[in-house]
Amino acid sequence: QVQLVESGGGLVQTGGSLRLSCAADRSTFNYYTVTWYRQASGNRRELVANITRDGTTNYSDSVKGRFTISRDNAKNTAYLQMNNLKVEDTAVYYCNAKWHTDNWGQGTQVTVSS
């Protein structure tokens with residue numbers, strides 16, 4: 001098990017940027033595949049982006065070219081850099097880390113206003 005704490009959410013205008021962080025409480029985080037999900041009100045949770053232990057990344061079509069997922073294994077932290085934000089990016093963003101166990105953070109709210 002690993003505990004995850006997300007931060008970096010907030011209110012931003014259309015076209016703005018935010019960087020979300022997902023901090024883990026142990027160095028074995030380096031072995032985990034980290035995935036960012038989001039869930040807008042009334043919608044199902046959807047995959048945004050993920051990054052494997054070796055740094056391979058994958059993005060949903062809706063964020064490709066605007067969001068960048070990365071990780072700093074020395075800091076046990078993963079990031080989601082979100083640029084050119086749109087109103088439809090408004091959601092609660094969750095960090096998931098999976099290896100032998102499946103672990104979730106508490107979520108951080110991102111609100112994009114027009």
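**Arginines, strands and a disulfide**

Reply: Arg 38 has its place in strand β4; strands (E, at least two residues) are DSSP runs, as are helices (H or I, at least four), numbered from the N terminus. The model is predicted, so local features need pLDDT of at least 70 and side-chain atom pairs count only at pLDDT 80 or more, while totals for chains, interfaces and linings use all residues. Residues are numbered from 1 along each chain as its sequence is written, and side-chain values use heavy atoms, with hydrogens and water left out.

Me: Is Arg 38 buried or exposed?

Reply: The terms rest on relative accessible area: buried means under 20%, exposed over 50%, and partly exposed in between, with a 1.4 Å probe and protein chains only. Arg 38 has 6% relative accessibility, so Arg 38 counts as buried.

Me: Which side chain makes a polar contact of 3.0 Å with the side chain of Arg 38?

Reply: A polar contact is a pair of N or O atoms within 3.5 Å; within protein, one must be able to donate a hydrogen and the other to accept it, and residues adjacent in sequence count only if both atoms are side-chain atoms. The 3.0 Å contact joins Arg 38 to the side chain of Tyr 93.

Me: Which backbone oxygen does the side chain of Arg 66 reach?

Reply: Arg 66 is found in the loop between β6 (57–59) and β7. Arg 66 is buried because its relative accessible area is 9%. At 2.9 Å, its side chain reaches the backbone oxygen of Ser 62.

Me: Which residues make up the covered face of strand β7?

Reply: In a regular strand the side chains alternate between the two faces of the sheet. In β7 (residues 67–72), Thr 68, Ser 70 and Asp 72 are on the uncovered face. The covered face holds Phe 67, Ile 69 and Arg 71.

Me: Which residue in β8 stands opposite Arg 71?

Reply: Two strands pair if DSSP finds at least two bridges between them. Strands β7 and β8 (residues 77–82) run antiparallel and are joined by six bridges. Their hairpin has four residues between the strands, and Asn 76 takes a positive phi near 55° there. Opposite Arg 71 stands Ala 78.

Me: Which are the edge strands of the open sheet of four strands?

Reply: The order in this sheet is β1-β3-β8-β7, with antiparallel pairing. An edge strand here pairs on one side only, and the two that do so are β1 (4–7) and β7.

Me: How many residues are in the largest nonpolar core?

Reply: A nonpolar core is a set of buried Ala, Val, Leu, Ile, Met, Phe, Trp, Tyr and Cys residues joined through side-chain atoms within 4.5 Å. Among those with the most contacts inside the largest one are Trp 36, Phe 67 and Leu 80. The number of residues in this core is 28.

Me: What is the angle about the S-S bond in the link of Cys 22 and Cys 95?

Reply: A disulfide is a pair of cysteine sulfur atoms within 2.5 Å, and those of Cys 22 and Cys 95 are 2.0 Å apart. The pair links Cys 22 in strand β3 with Cys 95 in strand β9, 73 residues apart. Cys 22 is buried because its relative accessibility is 0%. The link is left-handed, with an angle about the S-S bond of -75°.
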